[in-house]
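Please walk through this protein chain with me, from overall confidence down to single residues. The sequence and model come next.

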Amino acid sequence: VLLSGIGLLLGAAVITLRAPVVGRQAGRLLPARLVEPVRLFVHGGRALLATRVLAVALGLSVVSWFFECLAFSLILQALGVALPLHAATFVYAFASLGGAVSMLPGGLGVAEASLTGLLAGLGTPLPEAAAATLLVRCATLWLAVALGVVTLLVAFPEAAEARPARG
């Protein structure tokens, strides 16, 4: 039910942003201070939902997700867990979806519990399931977080030097 509701909201957002009448009616329906931000939102949404941009983004997402699922499958194989690629893909995708629906940053806790629980439910011994979970989360989530922190520190060195005032 929750996933259906989310799907309906996303579908309504896409239809709304693609409809030309939305931008034109914003000036009549909204308070003056909100007109410009809403028009910028609608214009940006239309740019992101353009067929070509959406197709490229979808293609890149599919490739990216495939490699994450492949990495998970390879981690399982390295730990001696015989789980076919399609099963590993299902487990990883379902756990990631659970983490996303939880609305927690990075799906923390939910994705890990789901990955470990699903693997254990499929007959993987708990130590191997936990190890595979930690390895894939380090390789996919925490590596990206570390790269982001390093990038921010390099791009904004003054932020690294700033110290909070003690009072």
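The mean pLDDT of the protein chain is 85, and 83% of its residues reach 70 or more. Here pLDDT is the predictor's confidence in each residue, from 0 to 100. This is a predicted model, so local features need pLDDT of at least 70 and side-chain atom pairs count only at pLDDT 80 or more, while totals for chains, interfaces and linings use all residues. Residues are numbered from 1 along each chain as its sequence is written, and side-chain values use heavy atoms, with hydrogens and water left out.

Helix α2 (residues 20-29) has the lowest mean pLDDT among the elements, 64. Helix α6 (residues 110-121) has the highest, 95.

Next comes the fold. The protein chain has eight helices and zero strands. Along the sequence the pattern reads α-α-α-α-α-α-α-α. Helices (H or I, at least four residues) and strands (E, at least two) are DSSP runs, numbered from the N terminus. Of the 167 residues in the protein chain, 21% are buried. Buried means under 20% relative accessible area, exposed over 50%, and partly exposed in between (1.4 Å probe, protein chains only). Among contacts with a separation of 6 or more, 50% join residues 24 or more positions apart. Contact means heavy atoms within 4.5 Å.

Now look at how α4 meets α5. Helix α4 (residues 51-78) packs on helix α5 (residues 85-101) at an angle of about 115 degrees, with the axes 9 Å apart. Axes are lines fitted to C-alpha atoms, for helices over the stretch in contact, and angles run from 0 to 180 degrees between N-to-C directions. The crossing of α4 past α5 is right-handed. A crossing is right-handed if the near helix is turned clockwise from the far one by less than a right angle, and left-handed if anticlockwise. On the α4 side, the residues include Trp65, Phe66, Cys69 and Phe72. On the α5 side, they include Leu85, Val91 and Tyr92. By class, this contact has 10 nonpolar, three polar and one charged residues. Ala, Val, Leu, Ile, Met, Phe, Trp, Tyr, Cys and Pro count as nonpolar, Asp, Glu, Lys and Arg as charged, and the others, Gly among them, as polar.

Is cysteine 69 buried or exposed? Cysteine 69 is buried, because its relative accessible area is 4%. Cysteine 138 counts as partly exposed, because its relative accessibility is 45%. The structure holds zero disulfides (pairs of cysteine sulfur atoms within 2.5 Å).

Move on to α6 and α7. The axes of α6 and helix α7 (residues 126-155) come within 9 Å and cross at roughly 145 degrees. This crossing, too, is right-handed. Among the contact residues are Glu112, Leu115 and Thr116 of α6, and Ala130, Thr133 and Arg137 of α7. The contact of α6 with α7 divides into nine nonpolar, two polar and two charged residues.

Glutamate 112, in helix α6, is buried because its relative accessible area is 17%. Beyond residues up to four places away in sequence, glutamate 112 touches Gly107, Thr133 and Arg137. Serine 114 also lies in helix α6. Serine 114 is buried, with a relative accessible area of 19%. Its C-alpha is 8.2 Å from that of glycine 99, 15 residues away in sequence. Alanine 130 belongs to helix α7. At 29% relative accessible area, alanine 130 is partly exposed. Alanine 130 and threonine 116 are 14 residues apart in sequence, and their C-alpha atoms are 5.5 Å apart in space.
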